[in-house]
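Subject: Structure handover and findings

Hello,

Please find the structure below, with my notes after it. Could you read them with the structure open beside you?

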Amino acid sequence: MSVRYVDEFRESRLAHALAAGIRSLADPARTYRLMEFCGGHTHAIFRYGVPDLLPANIRLVHGPGCPVCVLPVARIAHALQLASAHGVILCTYGDLVRVPGPQRQSLLKAKAAGADVRIVWSSLDALKIADENPHRQVVFFAIGFETTTPPTAVVLLQARALGVKNFSVHCNHVMTPPAIVGLLERPEAQAPGSVPIDGFIGPAHVSAVIGSRPFEPFAERYRRPVVIAGFEPLDVMQAILMLIRQLNDGRAEVENEYARVVNRDGNTKAQRMMAEVFERRAKFEWRGLGELADSALGIRPAFADFDAEQRFDLDVVAVADHKACDCGDILRGVKRPTDCRLFATGCTPDNPLGSCMVSSEGACAAYYAFGRARERAVAPV
Ligand code: SF4
């Protein structure tokens, strides 16, 4: 039954009907630039060939919604320090271990050189490793948007309840609404030649946690419509149709295409747990976006014993991205992966130079995996 349910959101006949609807609604005299914030949408869009169904005046702009991609090199440097200099068991999610850090070092290379780096599927796996290794310090290197924050909150609550002494979290959780604001407030967003964004395809999993309400002040203040969309191709196409309708009407509202999962208030239990464990950082650096105020979470003082940044002496180093890598511009929607001269030549999934080629949600990885290299010939957005 569930398979049929998913199949209905991939139905080719319905996709073509939606495409016809989009074509008839889209005003040929204007261009619609729609940013899909979330890397999961980017992959769905290319996996199912959504751009091929759209008229040329609808441009999909890829956003910074990939947590591995937006993590600055300095935070990777912390992970490397923990795993190498401090000799901890460093646990993290799979994509992160391949991201190039300073001097193109990565956690995977550190592991090959003898560091104890372990890939986990969940934060609770990391706590289990701490239980199995009572004489070692175990650090869970936590990344992700609001989607993966509640599991980190749960593991910290559990570690405190159990009185675990050899477990801590290096927290890199970031938040979606401040990132969207950060994108629109950048000076270059108004500069000639930049890519103005007319509307947003809103994130699905993030909204399941925080609800659609947090996007409302943003839509009103910046006069940009947001349509929360699921990850199936028909979800995305329906969201595009709804955005075009709003833009044609001159509206800037938050609409929810993904009502089968998302409501206005989100998962309030998860929000309570997050609020108990985390507080907002005054500022946090994002790859491509620079420092954004109130855009990330740190661990509250009540949980300081479980905060790896407090427990370990970590050097704060400013590390520049690879000079030739355009990840920053791609994360801001200013360039597409095919605009990077290293795309599919010097940089491939087997030999990534930047985070956007590493992550399963990265835009460069999506272009590479789904054969968009041919778009090099297409005019830039
Ligand atoms: S192709 Fe590679 S080097 Fe170029 S922007 Fe993407 S990740 Fe960076």
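Contact means heavy atoms within 4.5 Å. Helices (H or I, at least four residues) and strands (E, at least two) are DSSP runs, numbered from the N terminus.

This is a predicted model, in which local features need pLDDT of at least 70 and side-chain atom pairs count only at pLDDT 80 or more, while totals for chains, interfaces and linings use all residues. Residues are numbered from 1 along each chain as its sequence is written, and side-chain values use heavy atoms, with hydrogens and water left out.

The sheet

Strands of a sheet pair through backbone hydrogen bonds, either parallel or antiparallel. Two strands are said to pair here if DSSP finds at least two bridges between them. In this model, an open sheet is formed by 4 strands in the order 4-3-5-6, with parallel pairing. Strand 4 (117–119) and strand 6 (167–173) are the edge strands, and each of them pairs on one side only. From one strand to the next, the twist averages 20°.

Strand 3 (residues 89–92) is joined to strand 4 by 3 bridges in the parallel sense. Within this pair, Thr92 has Ile119 of strand 4 as its bridge partner. Helix 5 (residues 73–83) lies across strand 3, strand 4, strand 5 (138–144) and strand 6, and runs at about 165° to strand 6. Helix 8 (residues 149–162) also packs on the sheet, where it touches strand 5 and strand 6, and its direction makes about 160° with that of strand 6.

For accessibility, buried means under 20% relative accessible area, exposed over 50%, and partly exposed in between (1.4 Å probe, protein chains only). Helix 3 (residues 39–47) is mostly covered, since 7 of its 9 residues are buried. They are Gly39, His41, Thr42, His43, Ala44, Ile45 and Phe46. Their cover includes strand 1 (32–38), strand 2 (58–65), strand 7 (199–202), helix 12 (233–249) and helix 17 (363–369). Gly49 follows helix 3 and has a positive phi, near 65°.

Asn57 sits in the loop between helix 3 and strand 2. Is Asn57 buried or exposed? Asn57 has a relative accessible area of 14%, so it counts as buried. Its side chain reaches the backbone oxygen of Asp27 at 3.0 Å, and a polar atom of that side chain lies 2.9 Å from the backbone oxygen of Arg30. Apart from neighbours within four places in sequence, Asn57 is in contact with Ala26, Asp27, Pro28, Arg30, Thr31 and Tyr32.

Two positive phi values

Asp294 is not a glycine, yet its phi is positive, near 50°. Asp294 is in the loop between strand 12 (290–293) and strand 13 (297–299), and is partly exposed at 36% relative accessibility. Ala344, also not a glycine, has a positive phi of about 65°. Ala344 belongs to the loop between helix 15 (327–331) and helix 16 (355–358), and its relative accessible area of 32% makes it partly exposed.

Regards

How values were computed. Axes fitted to C-alpha atoms, helices over the stretch in contact; angles between N-to-C directions. Polar contact = N/O pair within 3.5 Å; in protein donor to acceptor, adjacent residues only side chain to side chain.
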